[in-house]
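Subject: Structure handover

Hello,

Here is the structure I promised you. Please keep it open while you read the notes below.

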Amino acid sequence: MTINKILLAGVGGQGTILAAKILSNGLLDAGYNVKMSEIHGMSQRGGSVTSHIVYSKGEVYAPVIDKGEADILVAFEEMEANRWIEYLKIGGKVVINDYQIMSIPILVGAFEYPVGVKEYIKENVEDCIIYNASEIAKELGNEKVMNMVLLGSLIKAMYLEHIDWEKVIRDNVKAQFADINIKALYKGMESVL
Amino acid sequence: MKKFLTGNEAVARGVYEAGATFASAYPGTPSSEILKEIGEYREIYSEWATNEKVSLEAAIGSAQAGMRSMAAMKVVGLNVAADPFMSISLPGIDGGLILVVCDEPGYYSSQDEQDNRIFAEFSNMPMFEPSDSQEVVDMIKDAYEISEKHKTLVTLRMTGRICHSKSPVLFSDRSEKDPEKISKEPKVPLPAAMVGMFARVNKRTKDLTEWSNNSKYNFIEYNNKDIGIISSGVPYYYAKEVFGDKASYFKIGFSYPMPVEKIKEFTNNVKKVIVIEELAPYIEDYLKNAGIECVGKDAFVEAGLNPYSGEYSVPMLKKTFFGENVSYIAAKREFVVPRPPALCAGCPHRGSFYALSQIRKKYDTIVHGDIGCYGLGAIPPFMAVDNVVCMGASISMAHGSQTSFNRRGINKRSIAVIGDSTFYHTGINSLMNTAYNKGTPVVCILDNKTTAMTGHQENPGSGRLLAGEEVEPFVIEDVCASFGIKNITIVNPTNLKESEDALIKAVESDELHVIIFRYPCVMKRLTDKESKDFYKPNKVKINNEKCIGCKVCLKLIGCPGLEFDKEKKKVQVNSACVGCGICMQICPANAIERAGV
């Protein structure tokens with residue numbers, strides 16, 4: 001049985017962990033075997049954060065993804081796409097949020113924010129989706145739901161639209177935020193055509 | 001019902017289902033979430049201990065009262081708790097007692113990646129090693145049975161990967177337990193009693209070896225018998241993913257006493273034996289001592305890898321055993337900009353470290369740091385810490401270095417920097433020793449009223465218990481005064497002048513000084529009193545006419561609330577700002593003002 005590996009990479013505070021939680025719960029509901037790993041040691045302090053989701057109709061073994069293994073990489077932030085591209089397997093897909101968060105070394109002027117990341121990834125990955133999920137989330141009224149926009153695109157890229165994601169979202173977010181999160185998810189699905 | 005749980009959540013579930021009633025822990029990555037999760041179950045009394053030693057001792061006491069009890073700690077926490085841990089082996093205990101210790105191959109948030117499996121053998125007490133969340137729950141229930149039957153502490157040794165990975169767990173109901181009968185025989189390790197205790201421990205180890213050889217947690221899966229893999233923990237799954245049914249497996253889930261007889265049965269049935277285990281060659285050495293030939297750490301070394309440090313992975317096994325190099329797209333070097341963890345916008349430590357870094361420019365000092373967020377004071381832009389060893393060590397080290405400087409006539413000041421939680425953990429003892437022995441260092445206690453680094457757990461000074469109940473916070477200055485310390489200053493670290501003045505006064509004196517930099521962590525849920533005393537939200541703004549774009553603010557304090565606008569060539573305040581006002585105090589052009597909101 002094929003084992004599928006999905007890597008979500010972002011910056012602490014971007015909601016990668018919630019996106020991973022919703023994704024894995026949806027997969028479990030749909031009858032997949034799932035394991036998930038979170039690397040969140042210092043996420044509250046603006047560090048780089050990843051969530052690893054491994055799923056299969058058969059058995060799943062390692063809960064964590066290493067270099068050259070991910071079927072899909074979702075980069076919640078532009079320069080994180082380059083940092084984590086090594087984890088994508090050759091022939092894998094990438095979803096990149098065209099959105100930039102300055103790290104402290106950039107804020108203090110020790111580094112410049114890299115120019116050309118998107119172009120570099122496009123040159124090297126055939127199946128590459130790039131758009132600004134933050135803009136879409138802002139249009140919906142809350143920039144924070146960019147994680148659901150990106151999750152929507154990921155679900156489309158995984159061909160898993162048939163799962164009842166509305167229910168999963170309602171089960172996992174506070175009632176007053178469910179609607180906007182669901183809308184964001186659908187917007188994200190539409191962004192991949 | 002099945003639920004998707006992390007290993008840490010599964011510990012809580014297991015302890016709950018096993019009918020335990022007492023849990024104690026000191027927070028530390030990767031173990032911190034365990035007690036928080038246990039705290040959700042009202043049937044279990046849970047408390048944050050001031051350190052790992054007292055947490056284990058409290059759990060021992062509760063188990064000796066006959067109740068199922070537990071303590072949880074991170075990898076190096078067991079060093080702190082080693083005294084009660086080692087000492088409980090001989091006398092044993094009447095009630096059920098488990099210790100959950102979370103090792104951390106890869107030392108993501110620990111100062112060491114010691115392999116605590118060695119502690120099981122060292123202490124002669126049994127150890128379980130789960131590979132996923134379901135095993136965590138199952139093993140905890142059996143661990144309590146073993147603990148009560150054999151009157152011993154039982155350790156569940158996890159690794160960070162298991163703590164923070166989710167997998168499905170089948171829920172069962174809680175089984176309430178009647179308290180165990182307490183024996184009348186004293187459990188006191190006096191020399192006369194020791195002979196009997198040794199005999200009991202030997203019998204226990206013999207009985208548990210038999211249990212180990214028959215345990216369902218030590219199981220064999222026969223496939224192709226050309227290769228036989230022996231593994232434990234999460235590496236077992238890496239092996240399964242890489243070798244599939246091309247190998248047979250011996251999975252060790254109960255690793256002390258080691259199931260040597262059952263392993264021999266397995267190794268006699270396979271041609272080549274491979275041991276796959278992270279960190280120390282623990283299983284490998286057991287096999288070799290039992291005369292079993294096997295391939296272990298050397299195979300990884302020959303493949304150019306370091307198998308003694310860090311985590312194993314699927315590609316590591318592919319490279320070592322199949323010579324396969326997993327190919328991937330290289331990250332473009334010049335695009336890799338570091339994204340290190342930083343002090344939060346508004347973090348009061350920023351003021352303390354800025355003041356300290358300024359003092360270090362003017363005076364000859366050595367700064368001994370401690371474990372926690374203030375470890376971030378050691379990296380740019382502050383570079384304000386010279387060495388860090390372990391919890392609470394800053395004050396004892398500063399006492400030692402200052403004493404030696406003084407005796408040699410070296411005019412240098414020793415400064416200790418420690419947080420509030422670390423102070424309560426072991427620093428308090430170091431300060432007592434320093435004061436008693438007439439030590440003269442400068443001791444800076446960064447009191448942010450919470451255990452910030454590990455996720456804002458309560459502590460004696462935070463004003464709350466684990467369950468949220470508000471209590472009277474400990475008063476650090478009163479503790480210091482009771483040690484006979486005369487020079488105690490309390491400053492607001494977001495006021496740089498006040499902070500620097502206090503430091504100058506202390507550094508220029510030749511007496512023991514304690515400076516308490518008091519301001520609650522920006523992430524803390526404040527108590528009612530704290531909301532009145534701190535954080536009056538009042539963001540700052542840049543006066544664009546005055547800003548000369550010199551970036552001094554950015555370079556000196558590295559605050560995530562400030563950024564440089566390349567087009568305007570001016571600094572801008574972003575949404576992360578909480579208005580601590582530290583940047584206003586260092587701007588050479590006076591261009592940062594209160595925004596009035």
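Strand β2 (residues 33-39) of chain A runs antiparallel to β8(B), and two bridges join them. Two strands pair if DSSP finds at least two bridges between them. Strands are DSSP runs of E with at least two residues, helices are runs of H or I with at least four, and both are numbered from the N terminus. In β8(B), B:Lys166 is the bridge partner of A:Met36.

This is a predicted model, in which local features need pLDDT of at least 70, side-chain atom pairs count only at pLDDT 80 or more, and totals for chains, interfaces and linings use all residues. Residues are numbered from 1 along each chain as its sequence is written, while chains are lettered from A and ligands numbered from 1 in the order in which they are written.

Now the whole sheet. It is open, has eight strands and shows mixed pairing. The order is β6(A)-β5(A)-β4(A)-β1(A)-β3(A)-β2(A)-β8(B)-β1(B). Which strands stand at the edges? They are β6 (128-131) of chain A and β1 (2-6) of chain B. Each has a single partner strand, so one side of each is left without a neighbour in the sheet. From one strand to the next, the twist averages 20°. Angles run from 0 to 180 degrees between N-to-C directions, and axes are lines fitted to C-alpha atoms, for helices over the stretch in contact.

Within chain A, β1 (residues 4-11) and β3 (residues 48-56) pair in the antiparallel sense over eight bridges. A:Ile6 has A:Ile53 in β3(A) as its bridge partner.

Next, the contact between the chains. Chain A gives 44 residues and chain B gives 44 residues. Residues are in contact if their C-beta atoms, placed from the backbone, lie within 7 Å. On the side of chain B that touches chain A, α10(B) supplies the largest share, four residues.

Last, a helix pair. The axes of α6(A) and helix α8 (residues 175-190) of chain A come within 6 Å and cross at roughly 45°. That makes α6(A) oblique to α8(A). Angles under 35 degrees count as roughly parallel, over 145 as roughly antiparallel, 65 to 115 as roughly perpendicular and the rest as oblique. Helix α6 (residues 146-157) of chain A also lies across β1, β4 (70-75), β5 (88-97) and β6 of chain A. Its direction is at about 145° to β5(A).

Best wishes

Conventions: Contact = placed C-beta atoms within 7 Å.
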